[in-house]
Amino acid sequence: MEHILDAKQFDRKTIEALCARARQHETRRIQRMKGKVMATLFYEPSTRTRFSFESAMLRLGGGVISSENAHDSSSSAKGETLEDTIRVVGGYADVIVMRHFEAGAAERAARVSPVPLINAGDGAGQHPTQALLDAYTIFRERGGIDGAHVALVGDLKHGRAARSLLAILGVFKNVTCTLVAPEALRMENDIRAYAQAQGITLLETDDLEEGIQSADVVYMTRLQKERFNTPAEYEGLKGQYILTRALVDSMKNDAIVMHPLPRVDEIDREVDTSPKARYFRQAEYGTYVRMALLEHVLR
Ligand code: NCD
């Protein structure tokens, strides 16, 4: 039994196999999950992650049971522990997809889960399936990841999508990453050290224009409002990085703009019509990648 908890767990071979399978799902109808049930247990808001997982299971011919607001509408509201909930839900489903507000919750849940558990985001920790679909998007939209220069922009301290993407990029060759964040929101040391040990060339700046100049992929992220200690802290940092159409036009000709979404104000709406904007396509790829991943853990 394999749980999906952390982007660091994927090796190159697995990523390439999952991407190849996702590519098949884009064009062919493959229903291998008839009679299987997936439970989605979400303790934090989600649009893309939950819907694309559910869409993936339904497209594969399986069924879905779902708690979209598990904090209030599951027995967690009555005081049940996460462990007890997982043990029970694991008796009703063949796979559990869980999002939780605490970093480390997915690992705790996996320890007691009788079925594969997929981490759909744990606090400011990890979001491994987002990293996979981000890698897939770079493959599809750019042709490959080896040799790429990726700029990660925004709230790199709390953003689990950026943390997970940096981790997964480490399996590819000659990757350069520019981390673009204000001092207070720099990427944590643990993940920076990991990326460097993996051979990624890391650059850092707090200047957006400088940070994106030579990038092939500009990965924007939102300030993670829900992770700040006080509203004042959030207000003081918000609005610092806004990717305008003029900035996008100044990027390399074949560069692309990605974003895990939701966006707040960090990408101007005028960027949406730029041929470099790929974030809506990126969101769509989520379904195909999650189809491949569900087959992988339920094989
Ligand atoms: C991200 C998340 O939840 O971590 N969203 C997503 O899954 N596509 C990014 C975010 O919320 O900013």
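1. His259 is buried, with a relative accessible area of 2% (buried means under 20%, exposed over 50% and partly exposed in between, using a 1.4 Å probe and protein chains only). The residue sits in the loop between β9 (256-258) and α12 (279-297); helices here are DSSP runs of H or I with at least four residues, strands are runs of E with at least two, and both are numbered from the N terminus.

2. A word on the source: this is a predicted model, where local features need pLDDT of at least 70, side-chain atom pairs count only at pLDDT 80 or more, and totals for chains, interfaces and linings use all residues. Residues are numbered from 1 along each chain as its sequence is written, and side-chain values use heavy atoms, leaving out hydrogens and water.

3. Back to His259: what does it touch? Leaving aside residues up to four places away in sequence, the list is Met220, Thr221, Arg222, Glu266, Ile267, Tyr279 and Gln282 (contact means heavy atoms within 4.5 Å). A polar atom of the His259 side chain also lies 2.7 Å from the backbone nitrogen of Leu261.

4. On to the sheet that holds β9. Five strands make an open sheet, ordered β7-β6-β5-β8-β9, with parallel pairing (two strands pair if DSSP finds at least two bridges between them). β7 (201-205) and β9 are at the edges with a single partner strand each, so one side of each has no neighbour in the sheet. From one strand to the next, the twist averages 20° (axes are lines fitted to C-alpha atoms, for helices over the stretch in contact, and angles run from 0 to 180 degrees between N-to-C directions). β5 (149-153) and β8 (217-220) run parallel, joined by 4 bridges, and Val150 stands opposite Val217 in β8.

5. There is also an open sheet of 4 strands, in the order β2-β1-β3-β4, again with parallel pairing. Here β2 and β4 are the edge strands; each has a single partner, so one side of each lacks a neighbour in the sheet. β3 and β4 are joined by 4 bridges, and Met98 has Asn119 in β4 as its bridge partner. Helix α4 (82-89) packs on this sheet, touching β1, β3 and β4, with its direction at about 155° to that of β3. Helix α5 (105-112) packs on the sheet too, touching β3 and β4, at about 165° to the direction of β4.

6. Finally, α2. Its buried residues are Thr49, Arg50, Ser52, Phe53, Glu54, Ala56 and Met57. Among the elements covering them are β1 (37-42), β2 (63-67) and α12. After α2 comes Gly61, with a positive phi near 95°.

Key
A polar contact is a pair of N or O atoms within 3.5 Å; within protein, one must be able to donate a hydrogen and the other to accept it, and residues adjacent in sequence count only if both atoms are side-chain atoms.
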